[in-house]
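Here are some notes for your review. Please read them beside the model.

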Amino acid sequence: MRKNLFIVFIISIIIPIITFARIKNVIFLIGDGMGLNQIHASSIVADSALNMQRAHYIGLVDTHSADHYITDSAAGGTALACGVKTKNGMIGMNPDSVAIPSILRIAHTNKLSTGVVVTSSVTHATPASFLAHQVNRKMEEEIAVDILHSGVDVFIGGGRKFFSEREDKQNLIDSLHAKGYGVYSSIKEASISDSNKKGVLLADVGMPSKLEGRGNMLSEGTQLALDVLSKNKKGFFLLIEGSQIDWAGHANDIDGIIEETLDFDKAVGVAMDFADKNKETLVIVTADHETGGLQILGKDTDTKKLQTIFTSSYHSPVPVPLFAYGKDADKFSSYMENTTIKKILVELYRFKK
Ligand code: MG
Ligand code: ZN
């Protein structure tokens, strides 16, 4: 009897300790241009629920930038990464051009491991918002220099030419080697190397689209990054971006949107499976904005094809959904500004600001 009471006493102490412990790992997945209709259309065409629909908690995110009702991906990425509204086009800075540390950089400063896996160039606006500080997103050679100095442990995507064929003739691949990175041109090559710092540059500029045969680099890269980053006992921050949902949206290409969203959702599945095993992990799935003003009018009863129309070839101002899964996911079930997410993450990690 006394023994049972003792066990109850110990459990009553342990449960609050687990509940109130800080999160160790965050996997942050951005579907660029992925609004609710992109998600719904993909789920209907796939004829099954998406991985992101496994989330326990759902929020809505307002996306406007400091100077425009409709954000671009630089200001949208900066809001998510750095927690500040900035002007369209700016990367990792407030509107006065003051550099603001991103959640990835704060994680690095606190000795956590960090990584980025994208289907665009690693120097493109969304990943750059987490890794760089530049007044304009077009400064991709300057962004590559920032990546070199960012301390990021793993980066996977396109953009090799911004490192190796530069105006200033510097070869940043050599500089990456000097900093202890293994630099690879395939995920397979990177996964058999035991280097703990990996740069995987899979294309000169952007990656092919899913329909053009990109394959499964996003979900495979997510798994590789998790294998490397999860070795750090202190934890990690990992950014994943389905970059080309946006590009298909600009092209008003519904088939492209669906293929890119389903590809992104595979990476979401990898992240959620990791969180199922590692209970100190939080998974966030959201978007920087919607692209295309996509509307779904119905479904043809004979062909079962969706009837869709686009109301824009640019971004739209509608709020985007946020799916939260794993530890402390309940903190995100609200209507929030895009700048709020970083602030909540800093608190949940218990970082000193
Ligand atoms: Mg992007
Ligand atoms: Zn766009």
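**Notes on aromatic pairs, a surface patch and a histidine**

1. Phenylalanine 236 is buried, at 0% relative accessibility. Buried means under 20% relative accessible area, exposed over 50%, partly exposed in between (1.4 Å probe, protein chains only).

2. This is a predicted model: local features need pLDDT of at least 70, side-chain atom pairs pLDDT 80 or more, while totals for chains, interfaces and linings use all residues. Residues are numbered from 1 along each chain as written, chains are lettered from A and ligands numbered from 1 in written order, and side-chain values use heavy atoms, without hydrogens or water.

3. There are seven aromatic pairs. In one, the ring centres of phenylalanine 236 and phenylalanine 274 are 5.7 Å apart and the planes meet at 65 degrees, so the pair is edge-to-face. Rings of Phe, Tyr and Trp (its six-membered ring) pair with centres within 6.5 Å; planes under 30 degrees apart are stacked, over 60 edge-to-face, the rest tilted. Phenylalanine 274 is also buried, at 15%.

4. Ring pairs also link Phe28, Phe130 and Phe237 into a cluster.

5. Histidine 289 is buried, with a relative accessible area of 0%. Its side chain makes polar contacts with the side chains of serine 73 (2.9 Å) and threonine 291 (3.3 Å). A polar contact is a pair of N or O atoms within 3.5 Å; within protein, one must be able to donate a hydrogen and the other to accept it, and residues adjacent in sequence count only if both atoms are side-chain atoms.

6. Isoleucine 11 is partly exposed, at 44% relative accessibility.
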